[in-house]
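Visitor: Could you take me through one part of this structure slowly, as if I had never looked at a protein before? I'd like to see how one piece sits among everything around it.

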Amino acid sequence: MEKMLIVDYEKCTGCRLCELVCSVFHTGASNPSRSRIRVIKWENVGFYLPMTCQNCETSFCTEVCPTKACHKDPENGRVVIDQDKCIGCKTCIIACPFGHPFFDIKERVTKKCDYCDGDPQCVSFCDMKAVDYVDADKVQMAKKREVANKFVDLMKQVR
Ligand code: SF4
Ligand code: SF4
Ligand code: SF4
Ligand code: SF4
């Protein structure tokens, strides 16, 4: 069953634990710069944006990837990057309206949220429940749009 990450910006306290656990899970080191979730503090209004993949229904990142490294897994609907196929062209980074994928300077490939293979560590460790992993079909389309639109509005203001 397809699942998706939902972020509630109003619950986020900016503790950045999600960044730490994500980086530890994926790199073995607590290095937030290599985390696949980025918590951005918007100074002007003093709130935090935990940025991760929205698993878009129409995913620009997969559409523009020249090698199909970035693709939607047909079995579970997760948008993931096959690191062996990634040539590091960064096109998906430019295409993503949520500013999510990032270039890993050390490995010279682009990385994104991989949903921790179905067991999201950011969700497990977020005491505030600011991130959650829910059945996609239980999330009403209107709710998805509301969350996406809110995020896009915020990103426009941050950029
Ligand atoms: S762990 Fe939760 S509350 Fe803390 S920064 Fe991440 S999303 Fe926000
Ligand atoms: S990486 Fe960006 S464009 Fe691709 S599915 Fe995630 S949020 Fe959507
Ligand atoms: S950086 Fe990698 S995943 Fe992104 S578009 Fe280029 S080849 Fe595809
Ligand atoms: S689901 Fe996993 S990979 Fe994605 S942001 Fe959360 S901890 Fe990182």
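Guide: Let's start with the whole chain. The chain has a radius of gyration of 15 Å, and a compact globule with 159 residues would have one near 15 Å, so the two agree. Keep in mind as we go that this is a predicted model. Along the principal axes, the C-alpha atoms fill a box of roughly 40 × 35 × 30 Å. The chain has five helices and eight strands, and from the N terminus on they run β-α-β-β-α-β-β-α-β-β-α-β-α. Of the contacts in the chain with a separation of 6 or more, 54% are between residues 24 or more positions apart.

Now zoom in on strand S1. Is S1 enclosed or open to the outside? Five of the five residues of S1 are buried, so the strand is largely enclosed by the rest of the structure.

What lies alongside S1? Strand S8 (residues 131-135) runs antiparallel to S1, and five bridges join the two. If you want one pair to find on screen, look for Ile 6, which stands opposite Asp 132 in S8.

As a general point, nonpolar side chains tend to be buried together in soluble globular proteins.

Leaving aside its neighbours within four places in sequence, Cys 18 is in contact with Ile 37, Val 39, Pro 50, Cys 122, Phe 125, Cys 126 and Val 131. Cys 18 also takes us to a ligand: along with Cys 12, Cys 15, Cys 126 and Ala 130, it is one of the closest of the 14 residues that surround ligand 1. Helix H1 (17-27) and strand S3 (47-51) each give two or more residues to that shell. By class, the shell around ligand 1 holds eleven nonpolar residues, two polar and one charged.

Ligand 3 has 15 residues around it, with Cys 65, Cys 86, Cys 89, Cys 92 and Thr 110 the closest. In the shell of ligand 3, ten residues are nonpolar, four polar and one charged.

One last stop, at the backbone. Most residues other than glycine have a negative phi. Asn 55, though, has a positive phi, near 45°, and sits in the loop between S3 and helix H2 (60-64). Asn 55 is buried because 21 other C-beta atoms lie within 10 Å, and 20 or more is the cut-off. Lys 90 has a positive phi as well, near 70°, in the loop between strand S5 (79-81) and helix H3 (91-95). Lys 90 has 13 other C-beta atoms within 10 Å, so it is partly exposed.

Methods
Residues numbered from 1 in each chain as written. Chains lettered and ligands numbered in written order. Predicted model: local features only at pLDDT ≥ 70, side-chain atom pairs only at ≥ 80, totals over all residues. Near = placed C-beta within 6 Å. Nonpolar A, V, L, I, M, F, W, Y, C, P; charged D, E, K, R; others polar. Helix = DSSP H or I, 4+ residues; strand = E, 2+ residues; numbered from the N terminus. Buried ≥ 20, exposed ≤ 12 C-beta atoms within 10 Å, placed from the backbone. Contact = placed C-beta atoms within 7 Å. Pairing = 2+ DSSP bridges. Rg over C-alpha atoms; globule rule 2.2 N^0.38 Å.
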